[in-house]
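These are my notebook entries from a first look at a structure that was new to me. Have a look at the picture, then read along.

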Amino acid sequence: MSKLKSDITSEYINMTFCANCKNCPAIHITKESNEIVIGGEEEGYTKFTKEQFLLFVEQIKKGTFDGYIKEH
């Protein structure tokens with residue numbers, strides 16, 4: 001069962017995405033940093049600038065990755 005745990009304030013967002021309760025990646029975004037951190041201790045961490053992350057989100061919204069994620 002997939003779960004989304006979040007801690008959202010006016011200054012930051014922390015979200016953890018649990019799909020299997022073994023490795024739960026997270027995303028951390030703050031207003032004061034230009035860096036967005038995605039990942040977890042087990043998976044490792046990936047860092048994006050906010051500009052890079054926005055480009056990534058735009059592609060997600062366009063459906064660019066749908067054919068690789070969704071089953072047909």
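**Entry: a side-chain pair.** I began with Gln59, whose side chain makes a polar contact with the side chain of Thr64 at 2.8 Å. A polar contact here is a pair of N or O atoms within 3.5 Å; within protein, one must be able to donate a hydrogen and the other to accept it, and residues adjacent in sequence count only if both atoms are side-chain atoms.

**Entry: ground rules.** I noted that this is a predicted model, in which local features need pLDDT of at least 70 and side-chain atom pairs count only at pLDDT 80 or more, while totals for chains, interfaces and linings use all residues. Residues are numbered from 1 along each chain as its sequence is written, and side-chain values use heavy atoms, with hydrogens and water left out.

**Entry: around Gln59.** I found Gln59 in helix H1, residues 50–62. Helices (H or I, at least four residues) and strands (E, at least two) are DSSP runs, numbered from the N terminus. Leaving aside neighbours within four places in sequence, I saw Gln59 in contact (heavy atoms within 4.5 Å) with Thr64 and Phe65. Why does Gln59 count as partly exposed? Because its relative accessibility is 28%, and buried means under 20% relative accessible area, exposed over 50%, partly exposed in between (1.4 Å probe, protein chains only).

**Entry: the sheet.** Next I looked up the strands: five of them form an open sheet in the order S1-S2-S3-S4-S5, with antiparallel pairing. Two strands pair if DSSP finds at least two bridges between them. At the edges I found S1 (3–8) and S5 (44–49), each pairing on one side only. From one strand to the next, the twist averages 15°.

**Entry: helix on sheet.** Which strands does H1 touch? H1 packs on the sheet against S3 (26–30), S4 (35–40) and S5, and its direction makes about 95° with that of S5. Axes are lines fitted to C-alpha atoms, for helices over the stretch in contact, and angles run from 0 to 180 degrees between N-to-C directions.

**Entry: strand by strand.** I saw six bridges joining S1 to S2 (residues 12–18), and Lys3 has Cys18 in S2 as its bridge partner. S3 and S4 are joined by three bridges and form a hairpin with four residues between them; here His28 stands opposite Val37 in S4. Val37 also has a bridge partner in S5, namely Lys47. S4 and S5 pair over six bridges, and a hairpin joins S4 to S5 through three residues.
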